[in-house]
Amino acid sequence: MRIVVLAGGIGGARFLQGVRAWDQNAEITAVVNTADDVTLHGLRICTDLDSVMYTLGGGHDEERGWGRTGETWAVKDELAEYGAEPTWFGLGDKDIATHLVRTRMLDAGYPLSAVTDALCDRWKPGVRLLPMTDDRVETHVVLAEELEGAGVRRRAVHFQEWWVRYRASLKADRFVQVGIEDAKPAPGVLEAIAAADLILFAPSNPVVSIDTILGVPGIRAGLAAASAKVVGVSPIIGGAPVRGMAEKCLPVVGVEVSASGVGAHYGARAYGGLLDGWLVDETDAGTVLFGADVRAVPLWMTDPETTARTMVSEAAAIGGIGR
Ligand code: GDP
Ligand code: FO1
Ligand code: CA
């Protein structure tokens, strides 16, 4: 059984735990968003890859939602003493070790996919972790700042600055995936999609996680041509994201914050979109996506076994596969 999952950070990681629990013998490939990646203090930080790697490897701080368990902050405090900017992004001591290894390997010429493999030698996530691309792609947010009586000033900031420093509170005009036009899918991505028995979209942020993966030239066409069924899972329950601030991103691209809005955004494969199936929460029962098999099941990922039982098994049923 070969399962491919398109994933962002924490929503992707928790869903992958469920996929792994559903079939321990499956060959699971996670294609992970890398457009949140950022270089700070000279270190290359891949937040979504790390969320997935730490979560599946048992080293993720569940309460905080990012970074390592048992973290300490000596380096962050020392950097602040030097006034070394940025001070708004929390780099823990243990986490920094990951970024040091990654940055050294990237500087030595290894592609991100090879670096990720090397990091996974330690974490053994039990799934194959592939960055969506080895090329540098970064989401930037174009801000529309109203000047008193003087029109609108536009400036762009890195997604992390908008998300973490400003908690997505500044009015965003649009997102720009810098570098995406020239990006190529990382080695293995298109091959995994073509060979899959089932393709799943994790309940990740549709705009800054899933759409960026879909934006890498070749991936959308690969999905359209895949013989496997494509089943998505809604990150929106009852008009709000389960965790986090996805509701800040959807309106920027003109999508309603609802399971039906996100489903329509991905579109039914039968009508030129991507999805054969769409899982929504029970509270969103009645959601319609013409041309796709829409099913309502509990979508709260409380633990991997529940995710496996309620969500993954239903997606597999739509895909016509069993364990
Ligand atoms: P990030 O990169 O760390 O922001 O994580 P993702 O993009 O992978 O996922 C973020 C999304 O996960 C948010 O929009 C949440 O709504 C969604 N999410 C988090 N927990 C759950 C859950 O238990 N169930 C569902 N359906 N969605 C969830
Ligand atoms: N999120 C925060 O809200 N504050 C932080 O200081 C922060 C640091 C951080 C460091 C490493 C890492 O892998 C993730 C980190 N995150 C932090 C989470 C991250 O910025 C975002 O939630 C995701 O990139 C959105 O997908
Ligand atoms: Ca992310």
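The side chain of Ser-209 places an N or O atom 2.7 Å from an oxygen atom of ligand 1. The protein buries 92% of the 590 Å² that ligand 1 exposes when taken alone. This is a predicted model.

**Ligand 1**

- There are 19 residues around ligand 1. Those that come nearest are Ser-204, Ser-209, Pro-235, Arg-243 and Leu-299.
- An N or O atom in the backbone of Gly-9 is 2.9 Å from an oxygen atom of ligand 1.
- Gly-12 likewise has a backbone N or O atom 2.9 Å from an oxygen atom of ligand 1.
- Helix 1 contributes three residues to the shell around ligand 1, the most of any element.
- The shell around ligand 1 is made up of nine nonpolar, eight polar and two charged residues.

**Ligand 2: contacts**

- Asp-36 has a polar side-chain atom 2.9 Å from an oxygen atom of ligand 2.
- Asp-48 brings a polar side-chain atom to 3.3 Å from an oxygen atom of ligand 2.
- In the side chain of Trp-163, an N or O atom is 3.4 Å from an oxygen atom of ligand 2.
- On its own, ligand 2 exposes 530 Å², and the protein buries 85% of that area.

**Ligand 2: shell**

**The largest pocket**

- The largest pocket holds about 1100 Å³ of space.
- Its lining counts 43 residues. Gly-9, Ile-10, Gly-65, Trp-163 and Gly-244 lie nearest the centre of the largest pocket.
- Gly-9 reaches ligand 1 through a backbone N or O atom, and Trp-163 reaches ligand 2 through its side chain.
- Helix 1 (10-22), helix 2, helix 4 (93-107), helix 6 and helix 8 (206-215) each give at least two residues to the lining of the largest pocket.
- Helix 2 gives the most to that lining, with five residues.
- By class, the lining of the largest pocket has 18 nonpolar, 15 polar and 10 charged residues.

**The second largest pocket**

- The second largest pocket has about 250 Å³ of volume.
- Its lining has 17 residues. Nearest the centre of the second largest pocket lie Arg-44, Leu-106, Leu-112, Asp-134 and Arg-136.
- Strand 4 (43-45) and helix 4 are the elements that give two or more residues to the lining of the second largest pocket.
- Helix 4 provides the largest share of this lining, three residues. Helix 4 also supplies at least two residues of the lining of the largest pocket.
- The lining of the second largest pocket divides into seven nonpolar, four polar and six charged residues.

How values were computed: Residues are numbered from 1 along each chain as its sequence is written. Chains are lettered from A and ligands numbered from 1 in the order in which they are written. This is a predicted model: local features need pLDDT of at least 70, side-chain atom pairs count only at pLDDT 80 or more; totals for chains, interfaces and linings use all residues. Side-chain values use heavy atoms; hydrogens and water are left out. A polar contact is a pair of N or O atoms within 3.5 Å; within protein, one must be able to donate a hydrogen and the other to accept it, and residues adjacent in sequence count only if both atoms are side-chain atoms. Accessible areas come from the Shrake-Rupley method with a 1.4 Å probe; for residues, only the protein chains shown count as cover. On a 1 Å grid over the protein atoms alone, a cavity is a set of points where a 1.4 Å probe fits but cannot get out, and a pocket is an open set with protein on both sides within 12 Å along at least five of seven lines; lining residues have an atom within 4 Å of a point. Grid points are joined across faces, edges and corners, and a volume is the space filled by probe spheres set on the points. Helices (H or I, at least four residues) and strands (E, at least two) are DSSP runs, numbered from the N terminus. Ala, Val, Leu, Ile, Met, Phe, Trp, Tyr, Cys and Pro count as nonpolar, Asp, Glu, Lys and Arg as charged, and the others, Gly among them, as polar. A residue is near a molecule or strand if one of its heavy atoms lies within 4 Å of it.
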